[in-house]
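Colleague: I would like a close look at a single part of this model, with the terms spelled out as you go.

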Amino acid sequence: KWVELSTGVSKRQVWNCPGRIGKTRAIQNGYVWLLDKRPDSLSLYSAFGQQLADETGIAVRDMLRNHQGELRAELRQDRQQRKLFRTTEGGGLGVA
């Protein structure tokens, strides 16, 4: 599904998975992969609870920070909030 999202084949996706299968970690890693492949992509992540959404945004942002120089996506210095961060290429992630 991430490849379909990155190529524009599937612009909107809704995932519904059972609990305790590791979907939050998979989604976090998927957003990092997507921003590495397409630093200009802008996505919105929504979860059943605001705390989970915030934690996911923080985790993705921190992974991008911790691997700068290894990934194509670079974080903008002025847009690194936990609910919305942007890349220097215009992409990023918003959480709700």
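Which residues does Q28 touch, not counting residues up to four places away in sequence?

Modeller: A word on the basis comes before the details: this is a predicted model, in which local features need pLDDT of at least 70 and side-chain atom pairs count only at pLDDT 80 or more, while totals for chains, interfaces and linings use all residues. Residues are numbered from 1 along each chain as its sequence is written, and side-chain values use heavy atoms, with hydrogens and water left out.

Leaving out residues up to four places away in sequence, Q28 touches E55, T56, A59, V60 and M63, where contact means heavy atoms within 4.5 Å. Q28 itself is found in helix α2, residues 23-37, helices here being DSSP runs of H or I with at least four residues, numbered from the N terminus. With a relative accessibility of 8%, Q28 counts as buried, because buried means under 20% relative accessible area, exposed over 50% and partly exposed in between, with a 1.4 Å probe and protein chains only. Y45 lies 17 residues from Q28 in sequence, and their C-alpha atoms are 9.9 Å apart in space.

The contacts of Q28 belong to the packing of two helices. From α2, T24, R25, Q28, N29, Y31, V32 and L35 meet L52, E55, T56, A59, V60, M63 and L64 in α3. The residues of this contact divide into 8 nonpolar, 4 polar and 2 charged, where Ala, Val, Leu, Ile, Met, Phe, Trp, Tyr, Cys and Pro count as nonpolar, Asp, Glu, Lys and Arg as charged, and the others, Gly among them, as polar.

Two packed helices are described by the angle between their axes and the distance between the axes. For α2 and α3 (residues 50-66), the angle is about 45 degrees and the axes are 9 Å apart; the axes are lines fitted to C-alpha atoms over the stretch in contact, and angles run from 0 to 180 degrees between N-to-C directions. The two helices are therefore oblique to each other, since angles under 35 degrees count as roughly parallel, over 145 as roughly antiparallel, 65 to 115 as roughly perpendicular and the rest as oblique. The crossing of α2 and α3 is right-handed, a term used if the near helix is turned clockwise from the far one by less than a right angle.

Helix α3 also holds D54, which is buried, with a relative accessible area of 10%. Leaving aside neighbours within four places in sequence, D54 is in contact with R82, K83 and V95.
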